[in-house]
Amino acid sequence: MAEGERQPPPDSSEEAPPATQNFIIPKKEIHTVPDMGKWKRSQAIEKLVALLNTLDRWIDETPPVDQPSRFGNKAYRIWYAKLDEEAENLVATVVPTHLAAAVPEVAVYLKESVGNSTRIDYGTGHEAAFAAFLCCLCKIGVLRVDDQIAIVFKVFNRYLEVMRKLQKTYRMEPAGSQGVWGLDDFQFLPFIWGSSQLIDHPYLEPRHFVDEKAVNENHKDYMFLECILFITEMKTGPFAEHSNQLWNISAVPSWSKVNQGLIRMYKAECLEKFPVIQHFKFGSLLPIHPVTSG
């Protein structure tokens with residue numbers, strides 16, 4: 001290149017590896033069953049579980065108040081106010097100091113993921129905000145590709161436990177529920193990930209999730225069945241009546257077809273529905289740039 005000729009700016013879409021990165025030849029680390037602890041307990045994963053444990057503890061510290069209305073206990077607003085105040089501090093425990101500038105942006109998604117403090121309701125839009133929270137942590141490098149199984153079955157599963165506790169403790173209303181014609185009053189993503197977990201299972205088929213015995217025996221190991229158990233604990237009457245969509249899905253012959261159908265349904269019923277997406281926040285990590293045709 002001739003002297004004085006300017007070089008083109010680097011492509012901003014390509015992320016350069018850190019200057020101090022030391023590369024090594026990958027090797028096996030999981031040699032025995034106890035070694036699974038290394039896989040299950042990555043530092044970022046454990047910090048996120050600890051964050052969610054804090055939210056859980058705050059529920060215990062904020063009991064429901066006596067009020068005339070059965071639903072929407074106002075104590076939830078006290079619990080939410082604490083999260084609103086402490087969200088950035090909580091996220092800072094997960095994000096390393098050299099990425100501290102990302103904390104205020106990422107913390108917004110955490111606050112959006114636990115329900116609405118005005119309406120005291122929770123729905124799939126809030127669930128999507130937690131997925132966005134995890135996505136942001138992936139984009140800034142806190143979570144990595146090799147964390148993906150733990151992200152779903154440790155972190156997201158712990159999030160589900162906390163959200164169920166919120167829903168039960170404060171009798172939260174379902175946000176945008178379609179009633180009997182919806183998949184579930186509160187969640188959607190665990191049905192997608194839970195059905196993928198069951199693909200090619202040696203004996204559990206879709207028809208088994210409406211079998212009380214099969215659910216009771218296997219729910220601790222399978223996210224989809226845990227969702228079914230929670231529905232049966234929260235609702236009364238025949239399953240076919242209070243959860244008609246799921247009842248129909250139980251007739252699908254394979255988990256792979258269930259999974260494919262749920263992904264299409266999520267796109268149509270959540271991602272493409274104005275009442276859900278109107279509340280979604282966009283920033284530098286998750287911008288609303290239109291797709292360019294290539």
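## Terms and model

A residue is called buried when its relative accessible area is under 20%, exposed when it is over 50%, and partly exposed in between, with a 1.4 Å probe and protein chains only. The model is a predicted one, in which local features need a pLDDT of at least 70 and side-chain atom pairs count only at pLDDT 80 or more, while totals for chains, interfaces and linings use all residues. Residues are numbered from 1 along each chain as its sequence is written, and side-chain values use heavy atoms, with hydrogens and water left out.

## Confidence

The pLDDT, which is the predictor's confidence in each residue on a scale from 0 to 100, averages 88 over the protein chain, and 84% of the residues score at least 70. Over residues 1-6 the pLDDT is below 50, and this stretch has one contact (heavy atoms within 4.5 Å) beyond near neighbours in sequence. Residues 8-19 likewise stay under 50, with one contact beyond four places in sequence. Where pLDDT is low, the predicted coordinates should not be read in detail.

Helices (H or I, at least four residues) and strands (E, at least two) are DSSP runs numbered from the N terminus. Among these elements of the protein chain, helix α1 (residues 36-40) has the lowest mean pLDDT, 56, whereas helix α3 (residues 75-92) has the highest, 98.

## Helix α3

Helix α3 has 18 residues and reaches 26 Å from its first C-alpha to its last, close to the 26 Å expected at 1.5 Å a residue, where the expected span is 1.5 Å times one less than the number of residues. A kink of about 60 degrees is centred on Glu 86; the bend at a residue is the angle between axes fitted to the seven residues ending there and the seven starting there.

The buried residues of α3 are Ala 75, Tyr 76, Trp 79, Tyr 80, Leu 83, Ala 87, Leu 90 and Val 91. An α-helix has 3.6 residues a turn, so residues three or four places apart point the same way. The cover over the buried residues of α3 includes α2 (43-61), α4 (103-112), α5 (124-139) and α6 (148-169).

## Aromatic pairs

Rings of Phe, Tyr and Trp (its six-membered ring) pair if their centres lie within 6.5 Å, and planes under 30 degrees apart count as stacked, over 60 as edge-to-face and the rest as tilted. By this rule there are 16 aromatic pairs. In one of them, Tyr 76 and Tyr 170 are edge-to-face, at 6.0 Å centre to centre and with 65 degrees between the planes. Because Tyr 76 lies in helix α3 and Tyr 170 in the loop between α6 and β2 (173-174), the pair ties together parts that are 94 residues apart in sequence. Both Tyr 76 and Tyr 170 are buried.

The rings of Phe 156 and Trp 193 are also edge-to-face, because their centres are 4.9 Å apart and their planes stand at 85 degrees. This pair ties helix α6, which holds Phe 156, to helix α7, which holds Trp 193, across 37 residues in sequence. Phe 156 is buried at 0% relative accessibility, whereas Trp 193 is partly exposed at 25%. Phe 156 and Trp 193 belong to one aromatic cluster with Phe 130, Phe 133 and Tyr 159.

## Loop residues

Ile 120, in the loop between α4 and β1 (121-122), has a positive phi of about 50 degrees although it is not a glycine, and it is buried, with a relative accessible area of 2%. Asp 200, in the loop between α7 and α8, also has a positive phi, near 65 degrees, but is exposed at 74% relative accessibility.
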